[in-house]
Structures are given as C-alpha cells and as structure tokens.
Amino acid sequence: MRLLHNLILIILLCTALAGYAQDHDYDKATLELGEKAPDFSLPGIDGKTYTLNSFKDAKVLAILFTCNHCPTAQAYEDRVIQLTKDYKDMAMVAISPNDPEAVRLDELGYSDIGDSFEEMKERAEEKGYNFPYLYDGETQSVASAYGPVATPHIFIFDENRALRYVGRLDASEKPGTGNAEDARNAIDALLAGKEVALNKTKTFGCSVKWADKENSAQKAYDKWAEEPAEVSMIGVEGIQDLIKNESDNYRLINVWATWCGPCVTEFPEFVKMSRMYGNREFEMITISADKPGNKEKVLNFLNKKDAAKCTNYLFETDDKYALIEAIDENWQGALPYTILVEPGGKIVYARQGEIDPLAMRKLVVDKIGRYY
C-alpha cells in the first residue's frame with residue numbers, strides 16, 4: 001500500500017510540474033535541422049502584413065529573432081544590415097518575439113527604448129533597417145513555433161524552406177570584431193548547393209521575454225513603489241562637489257520645484273531613467289528649489305513619484321541666485337534645469353526647460369554604452 005501511495009504522489013507531482021511548466025512556458029522546443037519553416041502572419045513596422053509566402057522568391061530565407069533593448073542584439077545590428085546588403089538572393093526577416101509588458105525598466109539599462117511595436121519603428125528608422133521588422137509580441141505564436149532561446153537567434157532555410165542552419169551570427173559579440181561569419185558560411189553553402197558544414201551552434205544574448213513574465217515584472221514595479229524616497233539638505237559647497245564629479249559615473253542633475261508645472265510634468269521621466277540606468281555608471285540626482293521649510297512637501301512628492309532610486313536634495317537656503325551660480329554659471333534661472341555631468345566635471349548637456357525624454361535617454365546610453 002505504501003508503494004502504491006508513493007507512486008500516486010509521484011504521478012501527482014509530475015503532473016503538477018508539467019502543468020506548471022506548460023503554464024509558465026519556460027522551455028520552448030527549438031526547431032530542428034531539416035524541419036520546414038512554420039508559416040506565420042505578422043505585422044511589419046511598414047504597415048504591411050508578412051507571411052512565409054511573402055519571401056517565396058528568395059533562394060535562402062534567414063529569420064532572425066531579435067529585439068530593441070538587448071545589448072547583444074544591438075551589437076549585431078550593423079552586421080545584419082550589411083549581411084542583407086551583401087546577399088541579393090537571400091531574404092532577411094527580423095522578428096521581435098518579446099512581450100513589451102514583460103520587460104522591466106531595469107532590463108533596459110543598455111537601451112533608450114523598449115520593445116513595443118511603436119518603439120520598433122523608432123529603432124528601424126534610426127538604424128536604417130533594410131529588411132522587414134515584424135512584431136510577434138502580442139501572441140508570441142511564431143516564437144513558440146520556432147523556439148528561439150535568446151536574442152539574437154538566427155534560423156536559415158534553403159530554397160525548399162528546410163532549416164539548414166540555426167544559432168549565432170558569429171562568435172564575436174563586440175562590434176567590429178566579427179562579420180556574421182557563421183551565418184555567411186551557411187548562406188554561401190546553400191547558394192552553392194552544398195551542405196552547411198557547421199549547421200548548429202549555441203547562441204548568446206538576452207532571454208526571450210515571454211508573456212508569463214508580466215507578473216514578475218509587475219511585482220518588481222509594486223516593490224519599487226513601496227521603497228521610501230529620501231531627501232537631504234544641500235548647500236553651495238555640496239552642489240559644487242556634485243558638479244566636480246570625482247566619481248566614475250555620469251550624473252544627470254535636474255533642478256525642479258513642486259510649484260513648477262513643467263517640472264512636475266517631466267519628473268516621472270527622470271524616475272524612469274533612474275530605474276533604467278541606476279545599476280550602471282549613472283546617477284540620477286534631483287535638487288528641489290522649494291523653500292527649505294517645505295521639506296515634508298518635497299518628500300511627499302518624491303514618494304508619490306516613486307523616486308527612491310534617485311538621490312534627492314533640497315537647497316538649504318532661499319537664495320536662489322546662489323543656487324543658480326552653484327549649478328551652472330550659464331543657467332539663466334528658469335525651471336526646470338537639467339545638466340549631464342561626465343566623470344571629471346565636464347557638463348556635456350544643459351537644458352533650460354523641459355527635456356526631450358527620448359533624446360535624453362539616447363544621450364545617456366550612448367555615453368555609458370550600449371554593449372557589454
């Protein structure tokens with residue numbers, strides 16, 4: 001009886017684990033060599049809908065699973081563009097498999113944008129993509145059928161759309177150190193009617209952001225909202241030390257006030273950047289120009305805006321002209337005012353008035369780096 005009881009428990013446990021794995025969809029089977037390319041119907045950033053038949057005239061079809069935010073994917077962008085230029089008998093198709101709601105802000109530390117459909121359009125325009133860029137983030141049905149394990153992950157098919165190569169583009173992630181050699185070797189062989197010598201490799205990059213990760217992403221946001229913000233008093237000397245920036249970090253400093261409408265409107269963008277880049281060589285510093293006696297009001301605002309990741313200060317006197325001169329002698333005094341200070345104290349960006357959030361993020365990530 002005990003043996004039967006234990007056997008039943010094992011069966012129930014295995015069933016539960018199988019159901020858990022199915023519900024969470026962690027293990028997607030990658031398409032095997034020789035298998036036919038699964039059909040699809042996906043929207044492209046150009047407004048067209050693409051299917052497998054859209055590329056029927058190509059002798060070789062390369063399907064690349066990639067995305068906007070991943071540093072490895074970004075490191076290979078120029079190589080993919082060049083690869084597409086070099087092979088007229090090959091069709092290159094890029095597919096973003098990620099659910100954008102499953103990507104946390106702190107996973108965007110190497111990017112200026114996320115993985116939404118609209119942001120895909122921005123990335124393609126900026127980089128000059130010369131291939132269709134398709135969105136699978138809504139249902140992820142195509143990613144489930146092909147089984148990419150990371151971004152980027154390339155699948156190369158012959159004229160009959162049988163899979164002949166799967167894996168990496170090349171083994172050198174750093175831009176300028178590789179030329180998509182593995183992918184090129186596979187394409188050359190197929191165009192020449194030969195077998196692909198190295199037809200399967202591992203691939204390195206960011207994991208696919210499956211929809212079941214939305215829950216953990218939301219938990220991260222909820223946890224951040226519970227973190228208490230802090231605000232400290234700062235004077236002229238303290239500000240001058242901040243500007244000297246003897247750290248190894250880029251310091252984005254925003255001067256604001258609770259009574260300043262544009263300041264309040266744009267403040268969430270600075271909180272967003274603190275979450276995106278706060279684990280890298282970056283500091284988000286806010287300095288309130290409110291009256292020193294309004295510290296509690298300032299702190300309440302910071303907590304409402306979830307600004308715990310920012311380093312927050314309140315200027316310690318009512319002498320606003322001392323504040324202006326301490327921040328930047330070129331500042332004329334209107335709020336908000338934002339500067340980016342590189343290590344060593346050089347101000348590389350200064351803006352009186354509201355920032356352009358996307359342009360600001362581009363500047364920051366270009367300074368701290370988009371690649372590993």
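**A buried arginine, and onward**

A: Happy to! Let's start with Arg 123, which sits in helix H3, residues 117–127. Keep in mind that this is a predicted model.

Q: Is Arg 123 buried or exposed?

A: Arg 123 is buried, because its relative accessibility is 2%, and the cut-off for buried is under 20%.

Q: Which backbone oxygen does its side chain reach?

A: That of Asn 68, at 2.9 Å from the side chain of Arg 123.

Q: And what else is Arg 123 in contact with, leaving aside neighbours within four places in sequence?

A: Besides Asn 68, the contacts of Arg 123 are Gln 74, Glu 77, Ser 111, Asp 112, Ile 113, Tyr 129 and Arg 370.

Q: New topic: how confident is the predictor, what's the mean pLDDT?

A: The chain averages 93, and 93% of its residues reach 70 or more.

Q: Where does pLDDT stay under 50?

A: Over residues 1–26, where the model has seven contacts beyond four places in sequence. Where pLDDT is low, the predicted coordinates should not be read in detail.

Q: Good to know. What about the sheet, in what order do its six strands come?

A: The order is S10-S13-S12-S11-S14-S15, in an open sheet with mixed pairing. Strands S10 (231–234) and S15 (347–352) are at the edges; each has a single partner strand, so one side of each has no neighbour in the sheet. From one strand to the next, the twist averages 20°.

Q: How do S11 and S14 run, parallel or antiparallel?

A: Antiparallel, with five bridges joining S11 (residues 250–256) to S14 (residues 337–341). Leu 252 is opposite Leu 340 in S14.

Q: How many residues are in the largest nonpolar core?

A: It has 33 residues, and Leu 252 is one of those with the most contacts inside it, along with Trp 256, Phe 267, Met 273, Tyr 277, Leu 302 and Met 360. Elements giving two or more residues to this core include S11, strand S12 (282–288), helix H6 (214–226) and helix H8 (261–277). H8 gives the largest share, seven residues.

Q: Back to Leu 302: what does it touch, not counting residues up to four places away in sequence?

A: Leu 302 touches Trp 256 and Phe 267, and also Ala 229, Glu 230, Val 231, Thr 286, Ala 307 and Asn 312.

Q: Which residues does the second, separate core include?

A: Among its 29 residues are Tyr 129, Ile 154, Ala 183 and Leu 190.

Conventions. Residues numbered from 1 in each chain as written. Predicted model: local features only at pLDDT ≥ 70, side-chain atom pairs only at ≥ 80, totals over all residues. Heavy atoms only, no water. Pairing = 2+ DSSP bridges. Helix = DSSP H or I, 4+ residues; strand = E, 2+ residues; numbered from the N terminus. Axes fitted to C-alpha atoms, helices over the stretch in contact; angles between N-to-C directions. pLDDT = per-residue confidence, 0-100. Contact = heavy atoms within 4.5 Å. Buried < 20%, exposed > 50% of the residue type's maximum accessible area, 1.4 Å probe, protein only. Polar contact = N/O pair within 3.5 Å; in protein donor to acceptor, adjacent residues only side chain to side chain. Core = buried A, V, L, I, M, F, W, Y, C linked by side-chain atoms within 4.5 Å.
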